[in-house]
Amino acid sequence: MRALQRKLSPSNTTSCELGLIITLMGIIAPATAMAAASGVREDSSGIFVWVFLGFCALIVVAQVIPAVLLMFGMAKGITSVVKEEMATVKK
């Protein structure tokens, strides 16, 4: 382990190599958990469970839509202010 730590120390590697290693670890870690949970599971949820989950999803979507519209409005407002300032600076 110490040899690997010495080999991956910032003085021996570039930031690109470290980023590549971190990315690969981020991809491989969930795949190992998925392979470990390969047992067959029976789903005995009734219609009421699915209706409840659908209602929860509807609430989440109803909350996300105004948030996205607000974010677009803020971005539009910020860009218009920046454009106005750039126009006054050029004059």
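View 1. Helices (H or I, at least four residues) and strands (E, at least two) are DSSP runs, numbered from the N terminus. Residues are numbered from 1 along each chain as its sequence is written.

**View 2. Confidence in the elements.** The chain has a mean pLDDT (the predictor's confidence in each residue, from 0 to 100) of 79, and 71% of its residues reach 70 or more. Among the elements, the lowest mean pLDDT, 58, belongs to helix α1 (residues 2–7), and the highest, 91, to α3. Where pLDDT is low, the predicted coordinates should not be read in detail. Local features need pLDDT of at least 70 in this predicted model, side-chain atom pairs count only at pLDDT 80 or more, and totals for chains, interfaces and linings use all residues, while side-chain values use heavy atoms, with hydrogens and water left out.

**View 3. Methionine 86 in helix α3.** Methionine 86 lies in helix α3, which spans residues 47–90. Methionine 86 counts as partly exposed because its relative accessibility is 46%, where buried means under 20% relative accessible area, exposed over 50%, and partly exposed in between (1.4 Å probe, protein chains only). Of the 91 residues in the chain, 2% are buried.
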